[in-house]
Amino acid sequence: MALRSAQVTVAAQDGQALRAPDPVASAPLAVRGVTVSYGEKPAVFSVDATFPAGAMTAIIGPNGAGKSTLLKAALGVIPRLSGEVSVFGQPIETARARIAYVPQRASVDWDFPASVIDVVLMGLYRRIGLLGRLTGAQRAKANACLARVGMSDFADRQIGQLSGGQQQRVFLARALAQDADLYLLDEPFAGVDAATERAIIDVLKSLKADGKAVVCVHHDLATVATYFDHVFLINVRKIAEGPVATTFTGANLNATYGGRLAATHIDQLALADPA
Amino acid sequence: MGSEFVQFSLTPMLIGILASIACALPGNFLILRKQALIGDAISHVVLPGIVVAFLLTGVVSALPMLLGAAGAAVVAVILIEAIKRLGKIEPGAAMGVTFTTLFAAGVLLLEQTDTSSVHLDVEHALMGNLESLIWFQARDGWASLIDPVALAALPPELGRIALVCALVVALTLVFWRWLKISTFDEGFADALGLPTGAIGFGLVITAAIAAVAAFDAVGSIIVIAMFICPPAAARLMTNSLERQIWWSVAFAVLSAVLGYVFAGYGPLWIGAQHAVSAAGMIATVSGLILGLTCLFGPHRSRIGVGKETAT
Amino acid sequence: MNPFLDALALNAGYNAALVGIGAAMLGFAAGAAGTFLFLRKRALVSDAVAHATLPGVGLAFILMVALGGDGRNLIGLLLGSAATAGIGLLLVEWIARRTRLSEDAAIGAVLSVFFGFGIVLLTVVQTMSAGRQAGLEGFLLGSTAGMLFQDAVVIAVGGALAVFATWLLRRPMTLVAFDPDYAAALGYNVRRIDLAMMGLVMAVTVIGLKLVGLILIVAMLIIPPVTARFWTESSAYVIWYAGLIGGVSGYVGAALSTTAPAMPTGPIIVLVAASLFLMSLFVAPARGVAAAVIRHRRFQRRVHRRQGLLALSRAEPIHDDFTLRVLRGEGLIRPDGVATANGRALAAKTARDEHRWDIAREIHQDAGLTGRYDGLTPIEQVFTPDEIAEFDRRIGGPRALGSSLGGTA
């Protein structure tokens, strides 16, 4: 086990995906037959999914369709009723160092006594360990991550004093500090201002350009076609997955949202043309 | 302030200070995790713990009682968690059910047992006996501090609470990063692969150890007050967790010193003849400090910008 | 006759009978009043209220002695305890509202500080010449030993009044406990009703001080509602169930405590209530642990069985151990993982179900339907036989195993 995780760390530092013959088996994130239930009702039922490297994938579906649940179950943050998860072909426990996670902004208490830079440094905790000393280089790295999201001026601000968009950027900076190969973001664009949305998408696109896998739970159908390469449509069960060009179609959206999307609304979206 | 102080006030004051610090440190995290009342629950179940220990061993001695109390605290924590999950009951009610039941069982056991020959009663459990923890051998004043004979006669409570206080400080330092991150953002800590369940349980167990050791010396009132008041007051003084910890330690020490002095000398100042309960007075002072920070603390109110947009 | 049965039949003396009736009424009032707090998720506010009575007891004693009266007058002591409990209550509210501290921290701070100050006052009382036999420690754990006839009357009358007040205020308090926003929209003053709720809890606490003591009265306010919640989902019933459980605990507990000298009333009442709670936790029909465990295991089997059949119908390999065990256990696959005839038949039926759902979702693209497509809801629950027949007509009968059944993509 120790040997394996050592290899993973090396691969993570090189920024390369491990090569394996089976594309699904070595995908940045693959889930198979995942079911999660709250009480007696499945929130996610028997979902198979593969999220590719060097691409941005949107997980799309109506409220309560299990988007965030799927993400959390894949991370092991909430228990699964059944199913398996692999990260770069490894069980998740050995591949944690290659994953960065951005939880929903509303999931934490922003009244917590911490400054912006404190939060970004949390992204390095795994690497520093419990007692390791924080080096100047690590501090500089945290500052660089903060600069990347345009928040350098706020490093010493208490997190409760930030706007919603600024908080979201701090969370993204923390994920950047993790130096991962797979980025999982839960509703990163929810309730943020336009400037923040642009800043976040720029960062995510540069991650993609570096060959990383980016997976976002996403709400805004209007921006799917411009931001993302792949979509994963879910409503408790998987409805469809694939490149935006072939999968983000009116028929699939109807199957996902039922009658909740008016036909006119669907027409306005920059939908793929079902060839 | 010579030999009399060393003989009668130095050790109780030191014990009060160490007990206050040992409780205030984990209290910081309990408050931030909205588990402040776990301290309340733990301090109530200490009673059944020591009664059971007494029934099993038949003697009133420190070690079995400490173990019994610690065991009861662990049982209570597990019961609370079980009732919460199994019965789908909100944490406050689960705590209320657990600690009142165990406390009632403790009182009943105590009444059913013949403890007339030994010093074991509910009042002692609640109020402690800080005033009696004197250093009688210290007849030479401050010079006793280097007199091995006198040192050997230090009240054993002092050694125990010093040890536990050191342990709590060490645990806080070692697990600082884990505690901080899992308290702020448990989902992220989970995703990092940290054992968040074990961290939470470890925190509560540490609090229980502090409570039991402090209880041994000063009774359960101080324990609950010190879990909550100094950290709560500290939270209103700063927006940095590191500084909050220092403030809480400072407030804990201040409460212990002022409380002890007021209890011992306060009544004399106003013409009364008898001292009042030191444990009660320490709790009262910590409450006054909290009251002052609620009124004047620089960071007393919520800022709320992020909070509103986040909901 | 058996002393316990004597006490139950109110034949164990006048005082014992009064204590029994008083305890039953107190238990009923505490259970009912505590329900509102519990439903409002503020059960432990009662803990702060109870501990905050102690300084009032001490102050009232000191004041009454200073005025030349008998410090032990129960009504005077109870009035004093109500005064400081009220102050404590207001402080909890004030801290939680005006500072960044959360309510649990406010509760803990108030209860420990007031209690600590109360202990200080008790030590003052002990040094007063009139205070040596004050017996104020009895308020910590309750005592019926030195109870006077008039004390028992105070408890019985107070308990009856509290029950009456609970009955009077039950509708607005239920409303506020369940949905404060809705109550506000209806024009109720939520803050005032909240205060009334707390006031009632305070009254019950004060009445119960002498009988069960300030630490265990908390149990009387919390345990019966929590227990009652296991037996009913209805807001109206949970109050009366809680009252009933509290009343029975009080009555039986008081009777039990008369049977032996070393049986303190307060703890016995609490332990009776706690045993009712434990029993409910395990055996209650819908919310009990036993029922929940059975349901969860059944649900988990259902999920795995369904997922296994889906995999069989698509001729996909099954990896999950539990799925394999479930299928093997039902004889749907052979030990080597190949489907049996029975398994193939059920897989075909599953495939047909999926097909029907696909068609159904194409035809009925409405919001109500999409939520039901969760993999487990049988299609027969959602559509009429006629509609299903229509789906089948479009499918053209069950298909052979292994035919492609991918999503609509």
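How many residue pairs are in polar contact across the interface of chain C and chain A? The rule finds 8, both residues of each pair being at pLDDT 80 or more. A polar contact is a pair of N or O atoms within 3.5 Å; within protein, one must be able to donate a hydrogen and the other to accept it, and residues adjacent in sequence count only if both atoms are side-chain atoms.

This is a predicted model, in which local features need pLDDT of at least 70, side-chain atom pairs count only at pLDDT 80 or more, and totals for chains, interfaces and linings use all residues. Residues are numbered from 1 along each chain as its sequence is written, chains are lettered from A and ligands numbered from 1 in the order in which they are written, and side-chain values use heavy atoms, with hydrogens and water left out.

## Chain C against chain A

The elements giving two or more residues to the side of chain C that touches chain A are helix 13 (289–313), helix 15 (341–363) and helix 16 (367–370) of chain C. Helices (H or I, at least four residues) and strands (E, at least two) are DSSP runs, numbered from the N terminus. Helix 13 of chain C gives the largest share of that side, 9 residues. By class, the side has 7 nonpolar, 11 polar and 9 charged residues. Here Ala, Val, Leu, Ile, Met, Phe, Trp, Tyr, Cys and Pro count as nonpolar, Asp, Glu, Lys and Arg as charged, and the others, Gly among them, as polar.

In all, 27 residues of chain C contact 29 residues of chain A. Contact means heavy atoms within 4.5 Å. The two chains bury about 2300 Å² between them, 49% of it on carbon and sulfur atoms. Buried area is the accessible area (1.4 Å probe) that two parts lose on being put together, summed over both.

There are 2 salt bridges between chain C and chain A. A salt bridge is a side-chain nitrogen of Lys or Arg within 4 Å of a carboxyl oxygen of Asp or Glu. C:Arg100 forms a salt bridge with A:Asp111.

## Chain B against chain C

This contact takes 58 residues from chain B and 56 residues from chain C. The buried area is about 4600 Å², with 77% from carbon and sulfur atoms. In chain B, B:Leu37, B:Glu90 and B:Arg302 lose the most area to chain C, together 12% of what that side buries. The salt bridge count is 0. Polar contacts number 7 residue pairs, both residues at pLDDT 80 or more.

Several helices of chain B each supply at least two residues of this side, including helix 2 (36–57), helix 3 (62–86) and helix 11 (220–235). Helix 4 of chain B gives the most, with 15 residues. The side has 32 nonpolar, 17 polar and 9 charged residues.

B:Thr284 is found in helix 13 (residues 278–296) of chain B. B:Thr284 touches C:Val113, C:Gly116, C:Phe117 and C:Val120, not counting residues up to four places away in sequence. The side chain of B:Thr284 also reaches the backbone oxygen of B:Gly280 at 2.7 Å. B:Thr284 counts as buried at 9% relative accessibility. Buried means under 20% relative accessible area, exposed over 50%, partly exposed in between (1.4 Å probe, protein chains only).

## Salt bridges

The whole structure has 28 salt bridges over all chains. Four of them are tabulated.

| Pair | N to O distance |
|---|---|
| C:Arg100 and A:Asp111 | 2.5 Å |
| A:Arg174 and B:Asp185 | 2.6 Å |
| B:Lys180 and B:Glu242 | 3.2 Å |
| C:Arg42 and C:Asp194 | 3.9 Å |

A:Arg174 is buried at 0% relative accessibility, and B:Asp185 is buried at 2%.

B:Lys180 lies in helix 8 of chain B and B:Glu242 in helix 12 (residues 241–269) of chain B, so their pair ties together parts 62 residues apart in sequence. B:Lys180 is buried at 1%, whereas B:Glu242 is partly exposed at 31%. Helix 8 (residues 176–184) has 8 of its 9 residues buried, so it is largely enclosed by the rest of the structure.

C:Arg42 is buried at 12%, as is C:Asp194 at 8%.

A network of salt bridges links A:Arg237, C:Arg306, C:Asp353, C:Glu354, C:Arg356 and C:Asp392.

## Confidence in chain A

The mean pLDDT of chain A is 84, and 85% of its residues reach 70 or more. pLDDT is the predictor's confidence in each residue, from 0 to 100. Over residues 1–21 of chain A, pLDDT stays under 50. Where pLDDT is low, the predicted coordinates should not be read in detail.
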